[in-house]
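Welcome! Open your viewer, get ready to click on a few residues, and let's take a walk together.

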Amino acid sequence: MKKSIFFGLLFLLFFVSKLFSQNTCDLKNFAFNAGEKLEYSIHYNWHFVWMNAGKVIFKTSIKNYYGTACYYLQADGSTYPKYDHFYAVRDTFSAFIDTVKLQPFRFIRNSNEGGKAVFNDIVFNNQDNTIYSTESDNRKAFYSKKIKNTDCVFDPLTAVYRTRDLDFSHCKINDTISVAMVLDSTVYHIYVRYLGKEKYTSKNFGTYNCIKINVLLISGTIFKGGEFMTVWVTDDKNRLPLHVEAPIVVGSIKVDLEKISGLRNPSTSKN
């Protein structure tokens, strides 16, 4: 399976120490709405030198999917041209999801990293609880798989937005919340681990009260399996990922929120 640097940044995969019961199938959306746009800068550290190497943009809108008005989620990640000789990245993830229950209808991944291209198209048939996944790569290999959806399974991009609606108010330190996710025809059971609350000062937006969480990454082209990613999320109804830190195979990365527009709720966590 070919995993992506931006796929790794999209969602939270945690090692379980204690499972805090919360049904992610029944979440109500309070964190985002159509029209939201979040832009992030990615900084890469190699031999103690930090470089502004790329960006990721998340956007939400309303689109029609076979007669149904849906949230259309899109995430685009790329390295800047001057770093393409080192490791060029051009990734696009998109998803159509229900506006009420946030159930996914379709997920499409077009990924090109270091010259390795991957395409993944996942269709969710919520009536017969079946997931149909097809994938291909630049070697022209083609795979198709039918998966029984018995576990409230989501695609990676839908999982990102749904985790913003998680309720941490009753969590204790190291409690975890489970989420099931499919990518490249494989279902992963992921866990969000709560590390408490902490202030974080962003160079772009000042100091915020944040929820702090940790990530255990899936092994892939950039990340080592088991390496921890730390994320600071604003402690308000927007639940914006404000800052991310993670070690990678060579060096480490930091991700910072650079631009915000179209928020659903007032930003009440800023000091």
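Which residue forms a salt bridge with Arg 164? Select Glu 36 together with Arg 164: the closest N and O atoms of this salt bridge are 2.8 Å apart. (A salt bridge is a side-chain nitrogen of Lys or Arg within 4 Å of a carboxyl oxygen of Asp or Glu.) The pair links distant parts of the chain, 128 residues apart. Arg 164 is in the loop between helix H3 (156-163) and strand S11 (175-183), while Glu 36 is in the loop between strand S1 (18-19) and strand S2 (37-46). Helices (H or I, at least four residues) and strands (E, at least two) are DSSP runs, numbered from the N terminus. Both Arg 164 and Glu 36 are buried; buried means under 20% relative accessible area, exposed over 50%, and partly exposed in between, with a 1.4 Å probe and protein chains only.

A word on what you are viewing: this is a predicted model, in which local features need pLDDT of at least 70, side-chain atom pairs count only at pLDDT 80 or more, and totals for chains, interfaces and linings use all residues. Residues are numbered from 1 along each chain as its sequence is written, and side-chain values use heavy atoms, with hydrogens and water left out.

A search of the whole structure finds six salt bridges. Next, select Arg 90 and Asp 84, whose side chains meet in one of 2.7 Å, N to O. Arg 90 counts as partly exposed because its relative accessibility is 38%, and Asp 84, at 23%, is partly exposed too. Then try Glu 39 and Lys 37, with their closest N and O atoms 3.7 Å apart.

**Strands and turns**

Now colour strand S6 (residues 104-113) and strand S7 (residues 116-125), which run antiparallel and are joined by eight bridges. Two strands pair if DSSP finds at least two bridges between them. Click Phe 107 and find Ile 122, its bridge partner in S7. In the turn of this hairpin, Gly 114 has a positive phi of about 60 degrees.

Follow S7 onward to strand S8 (residues 130-137): eight bridges join these antiparallel strands. Here Phe 124 has Ile 131 as its bridge partner in S8. Finish at Asn 129, which takes a positive phi near 55 degrees in the hairpin of S7 and S8.
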